[in-house]
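Let's work through a few exercises together, with the structure open beside you. Try each task before you read its solution.

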Amino acid sequence: GWGLLQWAIVVLEAIIMVKGDSSLSMKIRQYVIAGRKLPTEEDPNPTIYRMRIFASDEVRAKSRFWYFLRRMNKVKKSNGEIVSVKEVQEKHTNHCKTYGLMIRYETRTIITNMYREYRDTSVCGAVGRMYQDMAGRHRARPETIHIINAAVIPTSEQVRRPHTREFYNPEIKFPLIHQTTRPSSKRFRSTFVANRPTTLSR
């Protein structure tokens, strides 16, 4: 009856969510936002502050901008204005790089500084990995994490973490555990076969 219908609706919503984001990873974008205090007679040309903000969309990026501007420069949204908002599209995302992230994490009791390294093709992907890693290891919510700096590590000598340094070994090998058998020719293809294929390599 009604309980079965509700269960079907919940399953359908879960399927739609998975289809909307097949990777189930955080989609982070990079924005450069500039803002200032509203001009007054005492200060007709106020200082313009520019920040690099990582957020899922422009609305959250603006909210994060006002959060930091209020804490560091005593400028609130009620007496300030945003001059420009630009989304940064990163170039050269066709190969993997190592990113070093300096973050400040608010725990339940204290504020802790951290340095973390991630391998990804873009800085937005590395920041998304950091949010997921912090949520899994420290149960940290994104609003409690402040990103101080995020940059590419240019050389292998500057890599600090051992798990990241392993990827700089020229003799590194990745085992191929599962291997799909393919027909030698197109005419040997079959939609249905009698036996289940074996993909485990021996």
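**Exercise 1.** Find which strands and helices each supply at least two residues of the lining of the largest pocket.

*Solution.* Step 1: strand 2, helix 2, strand 4 and strand 6 each supply at least two lining residues. Helices (H or I, at least four residues) and strands (E, at least two) are DSSP runs, numbered from the N terminus. A pocket here is an open set of points on a 1 Å grid over the protein atoms alone, where a 1.4 Å probe fits, with protein on both sides within 12 Å along at least five of seven lines; lining residues have an atom within 4 Å of a point.

Step 2: strand 6 gives the most to this lining, with 6 residues.

Step 3: the pocket's volume is about 470 Å³, the volume being the space filled by probe spheres set on the points, which are joined across faces, edges and corners. Phe68, Met72, His146, Ile147 and Ile148 are the closest to its centre among the 19 lining residues.

Before you go on, note that this is a predicted model, in which local features need pLDDT of at least 70 and side-chain atom pairs count only at pLDDT 80 or more, while totals for chains, interfaces and linings use all residues. Residues are numbered from 1 along each chain as its sequence is written, and side-chain values use heavy atoms, with hydrogens and water left out.

**Exercise 2.** Work out the strand order of the sheet that contains strand 6, and say which strands stand at its edges.

*Solution.* Step 1: the order is 5-4-6 in an open sheet of 3 strands, with antiparallel pairing; two strands pair if DSSP finds at least two bridges between them.

Step 2: strand 5 and strand 6 each have a single partner strand, so one side of each lacks a neighbour in the sheet.

Step 3: the twist from one strand to the next averages 20 degrees. Axes are lines fitted to C-alpha atoms, for helices over the stretch in contact, and angles run from 0 to 180 degrees between N-to-C directions.

Step 4: strand 4 and strand 5 are joined by 10 bridges, and Tyr105 has Thr112 of strand 5 as its bridge partner.

Step 5: helix 3 lies across strand 4, strand 5 and strand 6, at about 125 degrees to strand 5.

**Exercise 3.** Identify which element gives the largest share of the largest nonpolar core.

*Solution.* Step 1: the core has 18 residues, and Leu101, Ile103, Val123, Val127, Met130, Met134 and Ile145 touch the most other members. A nonpolar core is a set of buried Ala, Val, Leu, Ile, Met, Phe, Trp, Tyr and Cys residues joined through side-chain atoms within 4.5 Å; buried means under 20% relative accessible area, exposed over 50%, partly exposed in between (1.4 Å probe, protein chains only).

Step 2: strand 4 (97-106), strand 5 (111-120), helix 3 (123-138) and strand 6 (145-152) each supply at least two members. Helix 3 gives the largest share, 7 residues.

**Exercise 4.** Is Asn79 buried, exposed or partly exposed, and which residues does Asn79 contact beyond four places in sequence?

*Solution.* Step 1: Asn79 sits in the loop between helix 2 and strand 3.

Step 2: its relative accessible area is 26%, so Asn79 is partly exposed.

Step 3: beyond four places in sequence, Asn79 contacts Lys37 and Leu38 (heavy atoms within 4.5 Å). The C-alpha atoms of Asn79 and Leu38 are 5.7 Å apart, although 41 residues separate the two along the chain.
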